[in-house]
Amino acid sequence: MHGPLLAFLTLLFFLRVLGQALVAFFGVPWLPPMGEWFSGLIPYPTLLAIQAVMLVGMIKISAELWRGRGFFAAPRPGWAKFLIVFSAIYAGSMVLRYLLTMLLRPETRWLGGAIPIFFHFVLAGFFYVWGRYHARRDIFARPGPAC
C-alpha cells in the first residue's frame, strides 16, 4: 500500500514539474502562466535541477517500498518519527504560507499562487506516507531464517 501511494504522489509531483516546464520552454497557452507556478525565489533553471533530483529520489524510494526491499525500505524506526513530524511541520508551514499570501496579496484570492502550495502538500504527504511505512510494526517482525 505505501509503495503505490508514494508512486502516485511522485506522479503528481512529476506532472507539476512537467506542467511548469511546458509553460517555461514552450509557452503552452492552456496551462497557467509561469508566475502561477513558482515564487521566483529560486531561478527556474536551478529549481528545475532541484526538482529533477527530487524526482529521482522519490522514484527510488517509491520503487523500493513497493518491492519491499532496498536501502529506503529497510526497517528504520528512527526515521518514522522524524519523517512524520517533518511532514506535519512542512504541511503546517504551507498552511501559514497560504494564509499569509491571501492576507498580503489579496488580489490573488483564492487560488492565485496556490499551485506551489498545493504541490508542497503533495511533498509533505510523501514524507508522511514514507514515515508511516517505517512506523509499521510488522516490518520489524519479519521471520528470521528457519533452523
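**Rings and core: a short tour**

Hi everyone, let's begin with phenylalanine 127, which is partly exposed at a relative accessible area of 24%; buried means under 20%, exposed over 50% and partly exposed in between, using a 1.4 Å probe and protein chains only. Please keep in mind that this is a predicted model, where local features need pLDDT of at least 70, side-chain atom pairs count only at pLDDT 80 or more, and totals for chains, interfaces and linings use all residues. Residues are numbered from 1 along each chain as its sequence is written, and side-chain values use heavy atoms, leaving out hydrogens and water.

Now for the rings. Rings of Phe, Tyr and Trp (its six-membered ring) pair if their centres lie within 6.5 Å; planes under 30 degrees apart count as stacked, over 60 as edge-to-face and the rest as tilted. By this rule there are 13 aromatic pairs. Phenylalanine 82 and phenylalanine 86 have ring centres 5.9 Å apart and planes at 15 degrees, so they are stacked. Phenylalanine 82 is exposed, at 56%, while phenylalanine 86 is partly exposed, at 33%. As for phenylalanine 126 and phenylalanine 127, their centres are 6.3 Å apart and their planes at 90 degrees, so this pair is edge-to-face. Which residues do ring pairs link into a cluster? They are Phe82, Phe86, Tyr90, Phe126 and Phe127.

Finally, tryptophan 130: leaving aside neighbours within four places in sequence, its contacts (heavy atoms within 4.5 Å) are Leu6, Ile61, Leu65, Phe72, Trp79 and Leu83.
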